[in-house]
Amino acid sequence: MRWSSLFIPTLRDAPAEAEAVSHRLLVRGGFIRQLQSGHYSMLPLGWRVHQKVAQIIREEMDNIGGQEFLLPAMHPASIWQASGRWDSMGEEMFRLTDRKGADLALGMTHEEVFATLSQELNSYRELPQLWYQIQWKFRDEPRPKSGLLRVREFAMKDSYSFDLDNEGLDRSFDLHHNAYQRVFRRLALDARPVEASSGAMGGSASIEFMVESNAGEDDVAVCGSCGYAANVERATAALKVVENRPQSDAPQSFPTPGVRTISALADHGHPSVHQIKTLVYLVDGQLTLILLRGDHSFLEQKFSDATGAVEVLPAEADEIRQALGASPGSLGAVGVTDLTIYADEALRGRTGMTTGANVDDQHFEGVDVDRDIPIDHWVDVRGITAGEECASCGDTLRVVRCIEAGHIFKLGQKYAEAMGVTVLDADGSNRVPTMGSYGIGVGRAMATVAETHHDDHGLVWPMSIAPYEVVLTVVKVDHEESMVVAERLYEDLRSAGIDVLLDDRDGRPGVKFADAELIGIPLRVTIGPRGLENGLLELTGRATTDKSDVAIEDVVPKVVDAVVTGRSLGR
RNA sequence: CGGGAUGUGGCGCAGCCUGGCAGCGCACCUGCUUUGGGAGCAGGGGGUCGGGAGUUCAAAUCUCCCCAUCCCGACCA
């Protein structure tokens with residue numbers, strides 16, 4: 001394509017509201033424009049990248065036997081009611097009503113629709129099936145952010161596997177695991193598979209593919225020695241043994257006027273590791289106590305995963321006072337019998353502890369957790385922190401910020417059962433297939449590449465998804481020989497199947513160099529009078545900025561070779 | 001939803017405190033000169049100052065309400 005006739009609105013300055021690097025560069029480079037918060041238009045350059053990312057995903061899905069579908073984006077309420085998610089999805093789901101008054105939803109995922117289609121599977125002989133689509137999702141995110149990284153409307157490759165049994169599901173899951181690693185390698189993304197929480201999807205296991213980046217929204221605990229890696233929503237660590245303080249016969253209350261926080265109490269001679277933190281939550285509407293060691297943080301996700309609770313909300317101050325007779329700062333679980341009490345594993349066997357006495361400005365000391373508190377359930381609900389020891393090998397854990405680039409789930413039979421899906425087994429009995437679901441956000445993948453592939457001058461696309469593979473920069477468009485050479489190269493490279501951009505704009509060379517770098521084209525051929533005098537053109541790589549002079553007749557083979565090599569990286 | 005910030009041509013910003021002609025840079029158009037790293041000169045086009053109400057002789061500027069956008073948190077496959 002000829003740059004002079006393309007719509008590539010590059011900007012010298014990024015819009016003030018863009019903060020994330022990928023957001024700034026994709027806007028500046030003329031790839032995307034925002035329509036409203038969380039909704040972006042793909043401009044021609046952005047759409048080319050988007051389509052290349054989608055194509056890589058498509059090829060790898062086809063490689064593992066995936067069959068491509070395209071399902072409706074708009075769904076009847078009935079299928080969501082059947083799975084129970086019409087209610088449980090809450091405000092995250094966009095809902096609307098048609099002219100007849102029927103309730104509709106914009107699809108935020110497609111388990112229900114695919115499960116509906118799977119009702120036409122009749123026999124175990126038809127399994128396994130692996131179905132996918134690349135299609136638009138709508139999610140009413142409370143806070144879209146960082147350009148394409150978190151949006152309300154986006155293309156996602158979502159796939160779904162149907163197997164007869166758990167062994168089959170394991171195979172389908174592993175196929176996806178491998179396919180995802182190939183996809184991310186081809187996108188030049190260093191994506192680490194990590195153990196993850198299954199969250200609202202339910203199911204038995206899930207793995208997230210995480211790319212380290214400060215623009216991310218997830219923290220991942222990583223062990224450098226044994227390879228353990230898990231989202232902190234799920235991560236565990238070896239607990240350092242704490243020496244209990246001397247035991248006492250019974251809890252002793254003591255006055256603590258004005259002491260409201262763990263750290264204030266620590267200042268009064270009660271180190272936080274010897275305190276019990278008492279949290280009051282409404283768990284699916286039931287007032288509940290959750291106990292942790294004073295220095296530990298509570299992870300609601302871990303709690304939901306451990307207990308199956310759907311709604312976990314901090315209780316209001318007046319509810320707390322009504323139930324316990326004191327305000328936060330003086331709360332405790334000693335002698336509480338009418339509320340369900342959960343305790344974090346880190347409190348097991350602890351004695352000589354300090355906790356609130358459920359009287360304002362009073363605390364107990366000498367608390368023996370097992371003796372004095374009627375604990376109903378022991379759970380692992382604490383957040384781990386960097387520097388703790390790996391539970392498997394004892395080495396130090398790091399915590400790294402990551403972008404979630406992909407997520408794969410073992411779902412089990414939940415959706416198939418809800419939609420009444422059965423197939424006949426070899427012995428003639430009805431079997432409910434077991435499902436997996438697997439997702440990669442296309443726009444997010446693109447933004448993640450931008451986030452991890454750039455320099456001071458702009459984007460540095462890998463060859464595999466660059467909007468154009470080569471840019472021919474004509475230094476002086478009114479220099480006749482330059483244009484003749486450029487046109488010939490343009491045609492030759494095009495017929496060799498290369499994505500070529502011919503910068504034939506009448507402008508100063510500095511502007512053209514800067515633009516070519518900003519939009520991140522991997523290879524540049526500079527065509528100008530200076531080189532042509534000696535029959536030479538300049539070949540520049542975007543990533544390294546290495547320059548080399550190349551004889552005119554060698555340019556096409558050299559470029560073709562570099563492009564073909566670049567495309568195949570990671571394959 | 002809680003906290004913070006911002007809204008002035010396509011983009012970046014000043015002006016607001018202390019009310020009195022809507023300005024600057026980039027981009028854009030025309031002409032000339034220039035052309036191997038974001039040119040120079042001259043001329044030119046483009047803005048309901050986020051919206052509404054109020055105060056005032058007079059509002060971008062003061063007051064109130066609303067909206068939008070961004071950041072932090074909550075939330076979120």
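Trainee: Which residue meets K476 in a salt bridge?

Mentor: This is a predicted model, in which local features need pLDDT of at least 70, side-chain atom pairs count only at pLDDT 80 or more, and totals for chains, interfaces and linings use all residues. Residues are numbered from 1 along each chain as its sequence is written, chains are lettered from A and ligands numbered from 1 in the order in which they are written, and side-chain values use heavy atoms, with hydrogens and water left out. A salt bridge is a side-chain nitrogen of Lys or Arg within 4 Å of a carboxyl oxygen of Asp or Glu. With N and O 3.8 Å apart, the partner of K476 is D478.

Trainee: Is D478 buried or exposed?

Mentor: Buried means under 20% relative accessible area, exposed over 50%, and partly exposed in between (1.4 Å probe, protein chains only). K476, at 42%, is therefore partly exposed. D478 has 62% relative accessibility, so it counts as exposed.

Trainee: What is the N to O distance in the salt bridge of R150 and E141?

Mentor: R150 is partly exposed at 22% relative accessibility, while E141 is buried, with a relative accessible area of 11%. Their side chains meet in a salt bridge, and the N to O distance is 3.0 Å.

Trainee: Which element gives the most to the lining of the largest cavity?

Mentor: A cavity is a set of points, on a 1 Å grid over the protein atoms alone, where a 1.4 Å probe fits but cannot get out; lining residues have an atom within 4 Å of a point. The residues that line the largest cavity include R150, C402, I403 and E404. Strands (E, at least two residues) and helices (H or I, at least four) are DSSP runs, numbered from the N terminus. With three residues, the element that gives the most to this lining is β23.

Trainee: Which element provides the largest share of the surface near RNA strand B?

Mentor: A residue is near a strand if one of its heavy atoms lies within 4 Å of it. By that rule 46 residues surround RNA strand B, and E517 is among the closest. Seven residues of this surface come from one element, the largest share, and that element is α14.

Trainee: Which residue has a polar side-chain atom 2.8 Å from a phosphate oxygen of RNA strand B?

Mentor: A polar contact is a pair of N or O atoms within 3.5 Å. A base oxygen of the RNA lies 3.1 Å from a polar backbone atom of G531. For the phosphate oxygen, at 2.8 Å, the residue is S37.

Conventions: Polar contact = N/O pair within 3.5 Å; in protein donor to acceptor, adjacent residues only side chain to side chain. 1 Å grid on protein atoms, 1.4 Å probe; cavity = no way out; pocket = protein on both sides within 12 Å on 5 of 7 lines; lining within 4 Å.
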